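The structure is shown first, and the notes follow by topic.

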Amino acid sequence: MMEWPILSFLLWLPIMGGFGVLIVGDRYGARQAALLVATLSFLISLPLYFVYDSAAGTMQFTETFRWIDALGVHVNYDLGVDGVSIALILLNTFMTLLVLVAAWDSVKERIAQYMAAFLIMEGLVNGVFMARDALLFYVFFEGMLIPLFLILGVWGGAQRIHATIKYFIYTFAGSVFLLVSLVYLYTQTEQGSFFLPDLYALTNLSESAQLLIFLSFLVAFGVKVPLWPLHTWLPEAYAQAPTGGSVMLAAISVKVGGYAFYRLALPIVPEAAHDWALLVVILSLVAIVYMSLIALVQTNLKKLIAYSSVAHMGFVTLGLFLVFKLQGLAFADAAVSGSVLAVQGAMVQMISHGFVAGGLFLAVGMLAERLQSTEISAYSGITSRMPVFAAFFMLFAMANVGLPGTSGFVGEFFVILASAKAHFWVASIAATILILGAAYTLWAVKRVLFGEVNSSELNQLQDINRREFVILGVLGLAILVLGWWPEPLIRLMEGSIREWMMMVSPSDLMPAMKGNS
Amino acid sequence: MMAAFEIARPEIFLLAALCVVLLLDLFLGKESRVITYLATQASLLTTLLLVYSSFFNRADKTLGLDGMYMVDEMAGVLKISILLISMLAFACARKYLRDQDMWQSEFFVLGMTAILGMLIMVSGYHLLVLYLGLELLSLSMYALVAMRRDDAQATEAAIKYFVLGAVASGFLLYGMSVLYGLSGSLELNTLREYFSSQADVSTNLLLMFALTFIVAGLAFKLGVVPFHMWLPDVYQGTPTAVTLFLSSAPKIAAFAIVIRLMVEALEPAQAAWSQMFMLLALLSIALGNLLALVQNNLKRLFAYSAIAHMGFMLMGIVMTTHTGYSAAMFYILLYALMSAGAFAMLILLGRKGYEVVHLEDLKGLSRRHPWFALMFLLILFSMAGIPPTAGFYAKFAIIEAVVEAKFVWAAVFMVVMSVIGAFYYLRIIKIMYFDQPNEQVPIEADMDIRVLVSVNGLLMVLLGIFPGILMSICDLALSASRL
């Protein structure tokens with residue numbers, strides 16, 4: 001265990017740094033200051049990976065002290081991370097750094113506020129991933145809306161205001177029910193506690209209470225992920241956000257939803273989740289197929305990636321809720337390995353999708369910077385003018401399709417494999433993404449990258465500069481490494497996922513779990 | 001004999017000080033009126049110190065002046081808050097009155113009498129004393145609202161306020177007289193003892209009759225639906241400095257009178273009055289938030305938002321638990337701070353002959369004055385109850401109390417309404433941050449108001465990071481007052 005509070009550093013350094021950048025202001029080195037803070041945060045997050053004892057899979061680096069102790073409310077400042085949180089924290093610090101570098105020249109207006117918003121958001125999102133107290137979690141979960149709201153609204157596209165307000169109200173409306181649920185759970189605990197393990201241990205919830213709590217979780221987190229009918233804010237928000245905003249929304253913000261299912265919804269009300277798993281599985285499948293079909297007809301690159309994101313995030317919810325469909329298997333061993341596979345697939349998919357969607361949005365942002373358009377029809381024959389860019393774009397597109405050797409393959413393959421154990425049809429419907437995804441991605445690639453250079457603007461396109469090359473190169477590398485060698489990531493999360501399985505499993509499967517781990 | 005008055009020392013001092021200020025002002029011209037202002041602030045500060053030195057942190061409830069005056073820790077905390085908020089209000093008023101050519105001493109003198117009324121309301125333990133305090137506050141406020149006497153809107157607001165306020169006072173007095181008729185006493189202690197000894201409290205028709213009138217009277221003063229009609233017009237018509245004052249400190253005093261009258265004296269009948277108040281509270285939350293959606297005048301918007309906030313606060317009281325009362329107290333203190341901050345911001349942005357009144361006046365504020373836009377943003381997010389600002393914890397504490405008392409449906413209703421409420425706050429933020437400014441004008445303001453507004457905004461974050469401080473102050477104060 002580390003002696004010094006590394007998690008608090010990761011939480012407060014970006015937030016304080018963000019305010020510092022605000023004070024520095026536009027004129028003097030806001031960029032450099034922000035870059036310094038983001039780099040430091042990234043560096044501080046690295047030891048988490050190396051020091052974490054992934055075999056144990058428990059909560060580590062824990063910090064705890066009394067935060068609020070009045071009005072009969074006891075809330076602790078409880079931080080801790082397991083393998084899954086570490087993976088997501090690393091993703092967050094890494095993507096923030098890239099986004100800030102990407103904004104170096106491309107954001108001209110109010111640069112200090114832009115950088116500060118991203119830094120503050122980084123800190124709050126880290127807080128979400130490390131909170132072990134439900135109220136603390138809620139504070140970060142809601143608080144991250146404020147910087148995102150400003151990023152979308154101030155630096156977004158022409159129809160940004162509608163998209164921004166819709167996004168805010170959607171997420172806020174979803175999460176207020178979460179608050180009531182958490183407060184209700186608090187009153188049900190013996191001593192009055194928001195500590196997550198205490199909430200997991202609750203056994204005295206009535207069936208209807210469980211159901212309502214589960215539904216509130218489903219709405220709150222389903223909006224974030226987004227789960228199929230709750231997704232309507234997303235295409236608009238993604239399309240209107242500035243490049244950095246789209247990247248953070250796709251790579252980080254939606255992961256918060258998936259993580260919240262993992263951390264709160266399933267372990268707190270496993271019985272209700274078990275009973276309603278089929279619904280979520282169906283919604284995820286609808287998202288996968290239907291959103292892919294919608295992506296086919298998009299004429300705007302950003303919207304296409306947005307719909308493709310919803311489809312890919314469908315794998316996350318599918319993988320998580322498959323656990324309950326696999327538990328019923330006759331052979332306990334098969335059930336355990338299948339469930340672990342499913343959850344691992346979901347989590348790998350979260351990380352991979354962060355890189356892929358982030359890469360695609362960054363690439364589109366670079367195009368948009370040159371031609372001020374994200375319409376597919378505005379581009380043609382990019383390859384001949386921007387060959388390096390085209391190579392990267394192709395790589396991200398392939399990862400989006402889920403080509404073996406890229407990170408996109410690993411997670412989806414795991415989930416499909418696990419779903420094959422649950423039901424033939426679930427697997428086959430989920431697998432259609434490989435075809436549909438290839439269809440819309442490759443078609444878009446064909447229209448953008450190939451064809452004739454048919455306008456003078458296209459003719460004058462400059463290939464990416466060194467800074468852009470670094471950004472895309474780092475992401476491309478991450479995608480390839482994760483695709484060829486996912487082992488470190490999987491090992492990081494495996495112990496934690498096995499621990500987690502014990503909390504969401506009905507008691508009769510427990511012995512088999514223990515025997516296996 | 002002097003010792004008997006010791007219990008009301010701050011109030012007596014304030015009364016003397018305001019007479020001195022009144023006289024002092026006679027000898028001062030318009031140019032040197034700043035002395036009146038400074039003398040006023042100094043008197044308030046001294047009163048505050050007197051409150052602090054003599055009454056704060058006492059564990060017991062001390063009854064004095066023939067059982068008419070109560071000093072306990074709740075009174076201490078509320079009085080200090082009232083004085084602090086009033087000092088903030090006066091500091092902002094100084095700029096406003098100068099800008100708007102209303103630089104007269106009436107504001108300060110009437111403001112001090114209003115504060116005196118509030119302090120008496122907080123400590124009164126006798127129906128007549130409470131009523132006198134309330135009237136002292138109200139009468140000063142009527143005059144303050146009418147301060148701009150050649151302005152049609154202000155006059156209309158004042159008349160409306162006066163007539164409806166007088167009716168409300170009548171209601172309250174009538175209810176009190178019935179209570180007196182029933183129990184034969186005006187002292188809150190005796191009232192409580194009398195009603196707890198009665199077996200038929202819940203069926204006593206006369207008592208219900210009295211309760212109805214008292215609840216209606218208090219609801220008028222608090223401005224909750226359906227007795228809220230005066231509020232938007234008064235907020236709109238009143239000079240902003242007075243709106244600031246009116247919308248902050250008196251709310252704390254109104255909270256105190258509800259606690260004294262309903263929770264302390266009429267505790268045996270709490271089942272009855274809490275039902276009445278609960279209905280009013282829920283209606284206020286719904287109507288306040290819905291009507292605020294369509295306002296284009298900032299002052300009206302804040303008036304409707306005040307209605308919704310008062311509903312939220314009342315929901316804490318109607319739970320009739322210690323948690324509920326403390327949550328309500330926490331809520332009212334924060335609300336007073338937020339409301340004062342919001343109006344102070346409007347004053348800060350105004351200048352000679354120009355007032356910020358409409359939503360459009362804030363267009364592109366973040367480009368013109370990024371720092372103050374950020375402060376306003378924090379105050380607005382706090383009002384909307386978005387973490388990590390302080391307002392979230394106020395709402396959270398109330399919801400916690402409501403869920404604890406097994407009113408989960410009410411909690412759900414309240415949070416749904418606060419989502420609707422979030423929309424109009426977001427609208428202001430949208431105008432400040434996302435729209436282009438029409439004009440580029442510098443802020444003409446002294447350092448004091450700039451600092452005060454900044455402190456107010458930053459407090460929203462600081463109290464959001466450390467909400468436990470204020471929460472435990474409320475908690476401990478009410479525990480010491482055995483509530």
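At what angle do helix H4 (residues 111-130) of chain A and helix H5 (residues 134-143) of chain A pack? The angle is about 145 degrees, and the axes of the two helices are 8 Å apart. The model is predicted, with an ipTM of 0.88 and a pTM of 0.90.

**Helix pair in chain A**
- The crossing of H4(A) past H5(A) is left-handed.
- H4(A) contributes Leu124(A), Gly127(A) and Val128(A) to the contact.
- On the side of H5(A), the contact residues are Phe137(A), Phe140(A), Phe141(A) and Gly143(A).
- Sorted by class, this contact between H4(A) and H5(A) holds 5 nonpolar and 2 polar residues, with no charged residues.

**Interface between chains A and B**
- Contacts between the chains involve 30 residues of chain B and 29 residues of chain A.
- On the chain B side, the elements giving two or more residues are helix H14 (322-349), helix H17 (390-404), helix H18 (408-433) and helix H20 (468-480) of chain B.
- H18(B) supplies the largest share of that side, with 11 residues.
- The chain B residues that touch chain A comprise 21 nonpolar, 5 polar and 4 charged.

**Confidence in chain B**
- Chain B has a mean pLDDT of 88, and 98% of its residues reach 70 or more.
- Within chain B, confidence is highest in helix H13 (residues 298-318) of chain B, at a mean of 93.
- Confidence in chain B is lowest in helix H1 (residues 2-5) of chain B, where the mean is 64.

Note on methods:
Residues are numbered from 1 along each chain as its sequence is written. Chains are lettered from A and ligands numbered from 1 in the order in which they are written. This is a predicted model: local features need pLDDT of at least 70, side-chain atom pairs count only at pLDDT 80 or more; totals for chains, interfaces and linings use all residues. pLDDT is the predictor's confidence in each residue, from 0 to 100. Helices (H or I, at least four residues) and strands (E, at least two) are DSSP runs, numbered from the N terminus. Two residues are in contact if their C-beta atoms, placed from the backbone, lie within 7 Å. Ala, Val, Leu, Ile, Met, Phe, Trp, Tyr, Cys and Pro count as nonpolar, Asp, Glu, Lys and Arg as charged, and the others, Gly among them, as polar. Axes are lines fitted to C-alpha atoms, for helices over the stretch in contact, and angles run from 0 to 180 degrees between N-to-C directions. A crossing is left-handed if the near helix is turned anticlockwise from the far one by less than a right angle, and right-handed if clockwise.
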